[in-house]
Each structure stands twice: as C-alpha cells, then as structure tokens.
Amino acid sequence: MIKNLSLEEAGAYFKQKGLQEYRAKQLFSWIYDRNCGSFDEMTTFSKELRAELSSDFILNPLELEERTISEKDGTEKFLFRTHDGHFIETVLIKNDGTEDGRLTVCVSSQVGCAMGCVFCETAKLGFIRNLEPAEILDQLGQVRRYTGLKNNNIVFMGMGEPFMNYENVIKAAQIMNYSFGFHISVRKITLSTCGIFPQIERFIDEKQPFNLALSLNDTVWERRAQSMPIEKKYPFKKIASLLNKKFPVSRNRLTIEYVMKNDNISREDAKRIKEMFRFARIKMNLIPLNPGSSGIERPSDDAINAFIDYLSIMNVPVSIRKSMGSDIGGACGQLSGKKTGQRTIFENAG
C-alpha cells in the first residue's frame with residue numbers, strides 16, 4: 001500500500017529505481033494534495049513509471065460500501081470495506097457547533113476494539129485487527145473525494161483504540177501534517193484514548209505535537225471499571241498523576257472527555273475531577289450519552305446543566321459536544337461497522 005510510505009521511504013523507493021528523490025514530493029502531491037484516484041492520473045510521471053507504481057502498490061486500499069447523510073444536521077457516515085473483507089466507519093461532521101466553518105473527519109484506527117466499554121457499539125465487535133497507516137489515510141482521502149470538501153480538522157475517535165495501534169496512528173497523523181500531504185496543522189489533529197498508560201507516557205516523552213484527548217467518563221474507580229474495563233489495568237488516578245507532573249504547560253490544553261450518565265454527574269463527581277487534575281492544564285468536553293444498545297439512559301437536560309454549574313469550581317473551559325449524526329448511527333459510541341441499508345450516494349466520486 002503506497003500510503004504506508006513516509007516521505008523519506010518514498011524517496012528511498014525512487015532512489016532504488018535510479019530516479020531523483022524529489023519524485024517523492026511529486027508523488028505525495030498527487031496522492032494527498034490532488035487526491036488522485038489512480039496512478040494513471042499522475043501525469044508528471046512517465047507511462048512506464050506509472051505502470052511500475054501500479055504494479056508495486058495499491059493506491060486506495062478501501063472500497064466505499066455505503067454512504068449515508070443525516071437529515072437532521074448533514075453529518076455523513078461512510079462504511080468502507082477493507083481489502084480483506086472487514087468493515088470500518090468514518091464520519092464527516094460539517095459543523096459541530098464549537099467553531100464556525102469547522103469541517104471534521106472522525107477516522108477509525110482499528111477494525112473492532114478490545115477495550116470493552118459498555119456504552120460503545122464498536123466494543124461489541126471485539127478486536128479484529130489494527131488498521132495500517134494507508135487505511136487510516138485513505139479514509140480521509142475518500143471522504144474528500146466523494147464530498148468534494150476539504151476538511152480542516154481530524155479526530156481519531158472512530159472505531160478502535162488509537163493508542164493500541166500507536167505507531168500506525170502516529171505515522172498516519174504525521175503524513176496528514178506533511179506540507180506535501182494533506183497539510184493539516186498539528187493543532188487540528190486530535191488523538192483520543194481511553195487510558196493506555198504506557199503509550200500516553202510515550203506520547204508525552206516523544207513530544208508529539210498533536211492534541212491529546214482522554215476519556216475519563218467517571219470519577220469512582222468501581223463505576224469506571226464496570227463501564228470501562230481498562231480502569232482495572234491502568235487506573236485513571238495514575239494517569240492523572242502522570243499528566244499533572246509531565247504534560248507541558250506550553251501545549252494545547254489537554255481535553256478530558258466525559259460521557260454523561262445519570263450516575264456520574266453529581267456535585268461530588270465535579271469535586272473529584274477538580275482534585276484529580278489540580279495541576280494539569282485541561283478543558284472538559286462533556287458528551288451526553290448517545291442512544292445505543294447498552295440500555296443506559298441519557299441524563300435530562302436539567303441534570304446536565306446542573307453538572308455544568310458544579311464544574312464551575314474548576315475554572316476551566318467546559319463545552320458540550322453536540323450529538324451530530326445520531327439519527328444515522330454516526331455519533332460518539334454508535335459506530336458498529338455494519339451495513340444499515342440506508343441510502344447510498346456516489347456523486348462527486350473521482
């Protein structure tokens with residue numbers, strides 16, 4: 001898969017063929033900036049070189065199986081088939097209400113997920129395999145090709161746990177940032193994790209420039225362990241202690257994601273969050289529970305507003321993530337990698 005190559009690796013490929021390494025920048029421009037759909041479109045290369053590239057590599061490892069559009073808010077969900085017959089989902093959020101003009105693509109990092117969070121539909125699939133960098137990057141390329149839109153924001157919050165596929169995710173994020181690639185600012189690329197301690201520490205020690213978002217979702221050990229089994233292996237208090245000590249003040253604020261249920265939005269929960277992050281520079285992203293098969297009920301608006309008031313003691317930014325795409329199963333926690341039989345649209349495909 002040619003999208004697995006970094007710029008340096010692509011340069012080595014051309015050098016091996018006796019060609020100038022600058023060809024790698026041309027290649028990346030065709031693949032990412034121009035988002036071409038075939039090697040034949042790369043007209044700055046000779047026919048012979050295009051034929052060699054086509055013989056040596058797969059350009060687009062994903063095939064669109066289904067595309068659905070929310071009638072409520074215009075969110076689009078894409079179901080892709082992988083080369084080995086599995087399914088992953090990608091979501092284009094056209095305006096999440098937090099920033100004018102924001103176009104966000106939510107990408108998947110794994111087929112299925114091993115984390116077992118009870119409020120997540122992906123968890124019900126179990127873990128199947130990691131996605132390669134090419135499969136992560138192709139989600140973005142195909143969404144752009146089918147919609148004709150260039151997004152300016154990326155979140156690794158689709159199917160899978162990104163930090164259980166750390167190296168592939170980091171490589172894909174780096175290529176997204178290349179000036180000869182998608183050229184998306186590191187400040188517009190967010191990696192989310194439910195709390196994989198060794199990789200969080202590695203992310204910080206490597207001084208990775210991307211945004212980091214952590215799913216807390218509860219403040220009581222027993223409750224969090226019940227809904228998020230990762231708590232038993234990597235207690236969040238240990239992660240919070242690491243963040244208080246090591247997360248750089250100069251970076252973007254650390255985002256703490258918090259799925260709100262009826263039993264985790266009390267005044268006491270707000271106090272525990274404050275105590276947990278006494279020194280880390282954070283912002284709170286509150287997520288009302290989205291409908292799913294877990295049977296857990298969404299809190300009332302009054303209860304959510306009361307929790308926001310309780311959080312005022314922290315004196316940090318607090319936002320509520322709008323539930324975009326919930327009517328098409330495209331909201332947080334709803335991705336299942338399954339066909340729905342909903343309307344599929346293929347216009348603007350390149």
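**Close-ups of a predicted model**

**View 1: Phe277 and its neighbours.** Leaving aside residues up to four places away in sequence, Phe277 touches Leu216, Phe236, Ala240, Leu243, Asn244, Ile256 and Ile282 (contact means heavy atoms within 4.5 Å). This is a predicted model, where local features need pLDDT of at least 70 and side-chain atom pairs pLDDT 80 or more, while totals for chains, interfaces and linings use all residues. Residues are numbered from 1 along each chain as its sequence is written, and side-chain values use heavy atoms, with hydrogens and water left out.

**View 2: Helix H9, residues 236-246**. Here Phe236, Ile239, Ala240, Leu242 and Leu243 are the buried residues (buried is under 20% relative accessible area, exposed over 50%, partly exposed in between, with a 1.4 Å probe and protein chains only; helices, H or I of at least four residues, and strands, E of at least two, are DSSP runs numbered from the N terminus). They sit within an arc of 160° seen down the H9 axis, so they line one face of the helix (the arc is that of the directions from the helix axis to the C-beta atoms). Turned away from that buried side are exposed Lys237 and Lys245.

**View 3: Asp269 pairs up with Arg223.** Their salt bridge has its closest N and O atoms 2.9 Å apart (a side-chain nitrogen of Lys or Arg within 4 Å of a carboxyl oxygen of Asp or Glu). It links distant parts of the chain, with Asp269 in helix H10 and Arg223 in helix H7, 46 residues apart. Asp269 is buried at 0% relative accessible area, while Arg223 is partly exposed at 23%.
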